[in-house]
Amino acid sequence: MGPSADALLLAGILAGAVVYWVGYRVSRLPAQPGRRSFIAFTAILGGGCLTTGLLAVAPSLLGQDPAQSPWTRWTDLPLLFWLLSTLPWFVFGIQYTGTRTRVSRRAILLMGLPYPLLFLQIVVSELYGFDTTSTLLNSLGSAAFVYVILLAAGGAYLLLQKSYAYEHLPLGQGAGLAVTMIGTLIVWNVIGMAPETATTTQAAAYAGGSGVAALGLGAALLRYDLFEATPSIGTLGNRALTRETDDLMFVVDDEGRIVRINETAVATLDTARSDAIGRQLSEVLDHDRETLQRSETVAVQTTDGTRRYDPQVTTVRDHRDTRLGTMLSLRDVTDRELREQRLAVLNRVLRHNLRNETDILKSHAEALESTGGDHVDAIVDSADAIAALGERANRIDRYVSESPDDATVDLVALVDAALETVDVEDTTVSVSTDLPASATLVTNRLALMSALESTLDNAVAYADSTVEVAVEPRPGGYMVRVTDDGRGIPEWELDSLETGTESPLQHSTGLGLWQLKWAVMTLNGALSFDTGDGTTVEVVVPDRGDDTSKSVAAGS
C-alpha cells in the first residue's frame, strides 16, 4: 500500500481506539438501563475498527508485499463486525429508551438465531460463489440480512424518537448514536463495492466509517451527556403515571368506549383488561363520561367496598382540534371526604348541642340562687350529657383517624359485649337475640364495636317495648340486624346522613347516627334503614380475610 493508504489505515485504527475508549468511559459510569449492552456494542464495533486496520497495515509494517500478504481479505471485516454489533445495538436501544429495561438471556438468544444463517451464507458464498449456493440458503441468508438491517434501523429510530419526544434530552444525543450505526454501514459499504476499487479508496472508506463511529459516540458521550440525561426516565415515568399511580385512569373514545385502562383501575374494579377494553365506560364504572364531568365526587364500587372518587376529565384532541375522546382520572378521596364531613358535622353538632347544654347549666345555676332543689339534678344530668358527647366525639375521631390494623374477632362476642354497655334497667324495653354460636371474621375491631354500640343505644333509647338483634351470614361476611318498635328515626335525620351534611336549621339529636355511619364506612360495609314499622337497621360487615368480601356491599 502507498503512504496515503497507510495514513488512512492508521487514522481508522485511532478512531477504533476512540470507540473502545467511549465504551470504557461508559463502563465507569453508574448503572443505567442499556449500559452493558452499549459496552458490548462498542466492544464489537471498536474491535472491527482495530482488527481491520491492524490486518490491513500489517504488510507495510512488516515490509511485505501487500499482494502476497495472507491478510488481503481485510476489506471483508468491517461489515462482518458491523453485522455482529447490531444485536447489542438493538438491545441497547430498547433498554436505554426505557421501551423494555429488562431483556432476558433467552430473549437475546432468540433474537440472535438468524445470525448463524447469515454468516453461513457469507462463508459458503465466499468458498463456492453465490451462484452455486442453494436457493434455500440464499433465501434464508437474505431474510436474515433484512432482519439485521431492521434491528439497526429499529434501534436508531427509538433513540431519535425518544430524543425528540423528551425535552430534557438534547436531540444531538439520539442523532449522534443513530449516525454511528447507520453512517458506518453506508460508508463501509464502499469497501465491498467492485473488486477493482482502488486500495486507497478502500482505506478511505474504512477510515471514514471508523471516524463516523468515533465522532458519533464521542459527541453523544462528551457533548450530549450520554447516560446522564437518559430517555428511559421519561418512558418509565409516563408508564408510571398510567400504570403505577393510585388513581384510576381510563382513555375513552368519542363513543364512550374504553380504549385504555391502567393497572390500578383493573385491580381496584376487579376486572380483566381484556373484558374492559371496548366496553362502555358506564358498564365498567357505573358512571358515564357526562356524569363524571359534572360531579365533584362519585361513589364507585371497588374491591374494598364503596369508595368516593374525585373525577378529572380531559378532552383528547388532534392537531386540527378534532375531538377524539377523553382521558379520565379518578382519585380516591374517601378518607379526605370522610375527614371533612366528620369535622363539619362534629363542629355543627358539638356547637349546637354544647350551646344547648351550657344554656341549661346556666339557667339552672341561676335558679339555684333562690330555689335549689331539682335544679341540681338538672345541672348534673346536663354535665353528664356534655361529657358523654365529648367522649363519643373522641371515640369517633380515634377509629376514623387512627385506622388500627385489622384483627380476627368474634362478631357474636362483640354483640354480647355491646349489649352489656346498653342501659336497659331503667326502661321497660326487652332485648331478644338470634345469634349463631360464633361468627369469626377479620375486621377493624374498634369501628365494629362502635357501630354495634351506636345501633343498640339508639334502638333501646327509642323503642317502645322490644328490641330484636340478629346476626346472619352473608357472602364474604355477616349482617347485623337490629329492630325496635319505636316511633322511627326522623326522615330529616336520615336525609342528613345521606347527603353527608347537617342543615343549619335542623340538628341531629346527637352523634349516634353519625358514629354508626362513619364506623360502617371505616369497615367498608353497608348500612340501610327501614322506618316503615318501627326502625330496622341493617349493617353488613365484610370479612376482610375472605376474598369474596368485596361483593358484600354490592350485594347487600
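This is a predicted model: local features need pLDDT of at least 70, side-chain atom pairs count only at pLDDT 80 or more; totals for chains, interfaces and linings use all residues.
**Helix packing**

Two packed helices are described by the angle between their axes and the distance between the axes.

| Helix pair | Angle between axes | Distance between axes | Handedness of crossing |
|---|---|---|---|
| α1 and α8 | about 25° | 8 Å | left-handed |
| α17 and α19 | about 150° | 8 Å | left-handed |
| α16 and α17 | roughly 50° | within 9 Å | right-handed |

Helix α1 covers residues 3-27, and helix α8 covers residues 199-223.

Helix α17 is made of residues 445-462, and its axis makes an angle of about 150° with that of α19. That makes α17 roughly antiparallel to α19. Helix α16, residues 411-421, crosses α17 at roughly 50°, and these two helices are therefore oblique to each other.

**The enclosed helix α19**

How many of the 11 residues of helix α19 are buried? The count is 10 of the 11, so this helix, which spans residues 512-522, is largely enclosed by the rest of the structure. The buried residues of α19 include the tryptophans W514 and W518. Also among them are G512, L513, Q515, L516, K517, A519, V520 and T522. Just after α19 comes N524, with a positive phi of about 60°.

**A nonpolar surface patch**

Which residues form a nonpolar patch on the surface? They are W21, Y24 and L222, and together they have about 340 Å² of accessible area. Y24 is located in helix α1. The relative accessibility of Y24 is 49%, so this residue counts as partly exposed; the exposed class begins over 50%.

**Salt bridges**

Side chains of opposite charge can pair when their charged atoms come close. In this model the count comes to 9 salt bridges, taking a side-chain nitrogen of Lys or Arg within 4 Å of a carboxyl oxygen of Asp or Glu as the cut-off. Several of them are described below.

R279 and E283 are joined by a salt bridge with an N to O distance of 3.3 Å. Both ends of this pair are partly exposed: R279 has a relative accessibility of 31%, and E283 has a relative accessible area of 45%.

In the salt bridge between R289 and E290, the closest N and O atoms are 3.7 Å apart. Here R289 counts as buried at 11% relative accessibility, whereas E290 is partly exposed at 41%.

For the salt bridge of D332 with R307, the closest N and O atoms are 3.1 Å apart. D332 belongs to strand β5 (residues 323-332) and R307 to strand β4 (residues 305-317), so this pair ties together parts that are 25 residues apart in sequence. D332 counts as partly exposed at 32% relative accessibility, while R307 is buried with a relative accessible area of 15%.

Salt bridges also link E472, R474, R481 and E538 in a network.

**Positive phi angles in loops**

Where is D225, and is this residue buried or partly exposed? D225 is found in the loop between α8 and α9, the latter being residues 232-243. A relative accessible area of 34% makes D225 partly exposed. Although D225 is not a glycine, its phi is positive, at about 60°.

D270 is another residue other than glycine with a positive phi, near 55°. D270 sits in the loop between α10 (263-268) and α11 (273-276). At 48% relative accessibility, D270 counts as partly exposed.

**S363 and I379**

Helix α14 runs over residues 334-368 and contains S363. S363 is partly exposed, its relative accessible area being 37%. S363 and I379 are 16 residues apart along the chain, and their C-alpha atoms are separated by 9.2 Å.

Definitions and conventions
Residues are numbered from 1 along each chain as its sequence is written. Side-chain values use heavy atoms; hydrogens and water are left out. Patches are made of residues with over 30% relative accessible area and no salt bridge: like charges are joined within 9 Å, nonpolar side chains (Val, Leu, Ile, Met, Phe, Trp, Tyr) within 5 Å. Accessible areas come from the Shrake-Rupley method with a 1.4 Å probe; for residues, only the protein chains shown count as cover. Helices (H or I, at least four residues) and strands (E, at least two) are DSSP runs, numbered from the N terminus. Buried means under 20% relative accessible area, exposed over 50%, partly exposed in between (1.4 Å probe, protein chains only). Axes are lines fitted to C-alpha atoms, for helices over the stretch in contact, and angles run from 0 to 180 degrees between N-to-C directions. A crossing is left-handed if the near helix is turned anticlockwise from the far one by less than a right angle, and right-handed if clockwise. Angles under 35 degrees count as roughly parallel, over 145 as roughly antiparallel, 65 to 115 as roughly perpendicular and the rest as oblique.
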